[in-house]
Amino acid sequence: MSNNVEEKILHGTTTVGIRARDGIVLCADMRASAGYFIANNNTMKIQKIDHHAGLTLAGGVADAQNIVDILRYHSNLHRVEKQVPIPIHSLARLCSLIFHQNRGYPFIADILVGGYDSEGPALFNIDMFGSVEEKSFVTTGSGSPVAYGVLEEGYKDGLSIEDAKGLALTAVKAAIVRNIGTGDGINIATMDKDGFPSIYSDLMQRKQQKEIPSSQNIMAVILQSIPKEANVTKIEYEGPRIALFTTTPRYLLENNETISSLVNVIKKRIVVRTDESIRKPEDEVRKILADCVPKDADLQGTIFDTATGEVSIEAKRPWLLQRDAKMFNHTDVTEKTGWRIRIRKATTIPSRTIQTINATLKQHASERSRQLKQVGDEIFRPRLSDRTEISLYTLGGFGQVGRSSLLLATPESKVLIDCGINPGARSAMDAFPRLDFVNLTLDELDAVVIGHAHLDHTGFLPALCKYGYKGPVYCTEPTLPMMNLIQLDAIKVAAAQGRTPIYSERDVKQIMRQTITLPYGTVTDISPDIKLVLANAGHILGSALCHFHIGNGNHNFVYSGDIKFGKSILFEAASWNFPRAETLLIESTYGLKEDIQPSRQEVESAFIVAVNKTLAEGGKVLIPIPAVGRAQEIMMVIDHYMKEGKIVEAPVFTEGMISEASAIHESYPEYLARELRQKILETDDNPFDSEYFTNIEHADGREEPMREDSPCIILATSGMLEGGPVLEYFKNVAPEKKNKVLFVSYQVNGTLGRRVLDGSRQATMVGKDGKVEAVTINCGVEKLDGFSGHSDYNQLMSFVQRLRPKLRRVLVNHGERKKSESLAMNIRRMYRLSAHYPQIQEAIKLF
Ligand SMILES: [Zn+2]
């Protein structure tokens with residue numbers, strides 16, 4: 001270590017600082033030595049910290065750059081918060097503190113901090129152990145013995161800045177001649193009461209054009225590039241975004257190019273926020289909105305988010321607020337109210353889950369702002385290491401379906417991807433992700449990323465929060481209510497089955513407060529060296545493929561989650577067009593060559609035939625169905641073909657969580673397939689609002705669907721006849737020959753659904769009063785494949801084929817072992833790609 005340090009510092013460079021009567025001179029040679037340094041003969045060893053302060057660097061370039069970033073950040077913060085430049089001695093002390101905190105793993109740098117503040121010129125030397133000394137002249141680096149000789153001879157008290165410049169140049173030149181580590185020209189900077197002279201600024205600007213500014217430097221760049229007219233009062237992290245607060249939002253809203261050119265330079269997401277001082281009280285805003293929103297748009301409600309200063313306007317006809325600025329002008333309304341405007345579609349029935357989320361976020365708004373700032377500080381902190389090593393740890397969902405979870409780790413960050421449970425498991429060891437394998441404390445985690453809402457991907461997340469995970473959870477906007485709904489339902493199911501739930505409702509609410517939602521397709525920093533993009537996975541509402549861009553583009557990793565690589569009525573086919581993807585981790589639920597499903601067209605035709613036949617005979621069709629996803633798909637199919645006259649018109653009844661799940665679907669039309677989205681967002685023909693559907697809220701509403709000789713379609717949960725309202729309908733429907741039970745989802749071995757499907761003519765079930773009832777099954781029973789939200793074998797293979805030109809390796813998960821194995825083998829054979837199927841508790845080096 002000591003040798004290393006010596007080499008790095010002493011064989012580096014020569015820097016000189018002199019305090020003159022009226023200012024400070026900093027001077028340094030321009031060569032960075034080869035070997036331990038990045039070889040570069042035009043290295044800037046003088047760095048500007050602020051208008052009035054600068055420093056010289058001698059030492060490891062990367063280490064030193066970190067310190068510059070941190071100092072710039074604090075200096076800007078000081079200027080913004082206290083309205084005066086930071087005193088030079090404070091900068092020196094801050095610098096010492098950073099050195100001191102890193103004693104165990106010292107920064108290898110020796111620094112001179114100089115500048116001109118309210119007390120005049122000041123110069124400090126800080127060494128790598130954190131000692132601070134105020135100096136009138138000082139030199140550091142390998143040439144310093146030579147330079148000291150010159151300085152000691154030439155320095156006098158009360159030297160003018162011009163004389164000090166000459167002396168500094170002579171000292172560095174002497175070192176260049178005598179010292180092999182020093183050379184290639186000299187940079188010199190002076191600071192007086194007017195700050196840095198322009199010649200120095202020019203040099204800095206040229207440097208900034210070439211490089212993307214690093215971490216904390218961002219604030220400085222923003223402050224320098226935002227015009228005064230924008231009236232930016234505050235710049236703050238808002239999780240992975242940077243929020244610019246302004247008292248005159250019109251300028252930034254109308255001059256888009258200001259923000260977009262800034263985003264181009266800093267490569268970070270920027271949002272414009274209104275300063276709290278201009279936000280009008282909520283009741284006043286409601287009145288203004290009632291005036292501004294055209295009557296035809298049918299304003300239903302407003303939701304205020306005080307953490308971001310956004311007001312969501314819910315309207316029945318949102319398109320009337322989006323198309324014509326004459327009818328409704330966003331900038332005008334923002335200016336009038338002081339709140340940013342967001343337009344949302346008002347749903348047929350409001351979603352209770354979304355209402356709870358809004359209420360929870362509102363209640364904890366100030367705590368949430370604080371958390372978002374903290375998250376930003378963590379994401380945009382300087383990197384601690386130059387190494388790039390990327391590993392994947394398999395914690396669950398490998399060689400099995402259930403408890404999907406993996407850890408992505410670099411020297412900088414640890415990101416947990418999915419956090420599911422295995423509902424069918426017998427012991428805790430098999431039920432939960434094997435977090436014990438990675439020996440991780442929860443505060444070491446930088447982020448949790450959730451692909452989609454199903455319990456086998458999110459069921460353990462509330463427990464993670466319960467045990468102390470405080471960091472951000474990233475997912476799409478609809479995934480949050482979807483997973484909350486499913487997680488809360490799991491508590492009820494556990495209680496009904498006499499099991500103790502592993503978490504409570506409070507833990508689920510905690511997730512709401514920690515979640516940061518991201519739209520599809522937006523690049524977002526989630527740690528100092530990982531960027532995340534979520535893309536449509538076509539599986540359920542909000543489901544996402546997760547694309548991780550790691551290091552400086554060293555590696556790109558795509559996690560498929562559950563995907564449907566085929567279009568359905570609800571969703572577009574999964575996205576595949578990633579700019580880069582070296583490693584793909586793909587699911588294999590249908591990984592066997594024989595796992596081929598009929599096309600959507602075929603299954604929809606079969607559905608029409610099956611339903612029509614029963615309805616024509618005056619019978620009822622009972623469809624046991626999972627509430628989330630499949631139910632909405634079937635509802636859309638029914639509405640579509642009834643309107644076209646292809647399905648016999650009949651009332652359709654739904655019961656269970658279906659209507660709540662439908663309300664969440666309707667709330668996020670932008671996540672639905674194009675045609676459906678257009679219908680909901682741009683017309684009054686909204687299939688979720690279809691006149692065919694009646695939702696049964698209470699048991700007493702069942703009379704109508706159960707009435708004799710009234711043909712109808714009933715969709716009820718659960719999907720495998722294991723509990724839920726469907727059982728009551730089953731008792732009513734099963735004995736009659738003209739009725740039909742129609743399965744559209746997979747029936748697991750051991751469930752009543754499976755027994756009925758396998759031809760059982762009798763079922764026993766426990767009635768409401770606890771008595772065992774026998775039900776005779778005389779009705780027709782039919783099963784339709786092809787409505788699955790998963791890709792079949794062919795779709796999985798064509799997805800890999802699409803990505804193949806970019807891929808170096810494929811990993812396979814989320815399938816029974818033999819399915820994962822077979823898919824990996826066929827990918828190797830067909831596409832000549834490295835492909836394998838890891839088991840749980842493996843560590844895989846990606847880069
Ligand atoms: Zn799923």
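View 1. Ser-822 counts as buried because its relative accessibility is 13% (buried means under 20% relative accessible area, exposed over 50%, partly exposed in between; 1.4 Å probe, protein chains only). This is a predicted model: local features need pLDDT of at least 70, side-chain atom pairs count only at pLDDT 80 or more, and totals for chains, interfaces and linings use all residues. Residues are numbered from 1 along each chain as its sequence is written, and side-chain values use heavy atoms, with hydrogens and water left out. Ser-822 sits in helix α27, residues 817-831 (helices are DSSP runs of H or I, at least four residues; strands are runs of E, at least two; both are numbered from the N terminus). Leaving out residues up to four places away in sequence, Ser-822 touches Gly-591, Leu-592 and Lys-593 (contact means heavy atoms within 4.5 Å).

**View 2. Four residues hold the zinc ion.** The donors are His-452 (NE2), His-454 (ND1), His-539 (NE2) and Asp-562 (OD), at 2.2 to 2.3 Å (donors are N, O and S atoms within 2.8 Å of the metal, 3.2 Å for Na, K and Ca; water is not among the atoms, so sites may look incomplete). Along the chain, their spacing is H-x1-H-x84-H-x22-D.

**View 3. His-452 and Asp-562 come from distant parts of the chain.** They are 110 residues apart. His-452 lies in the loop between β19 (447-449) and α15 (455-458). Asp-562 lies in the loop between β25 (555-559) and β26 (583-587). His-452 is buried, at 1% relative accessible area. Asp-562 is buried too, at 2% relative accessibility.
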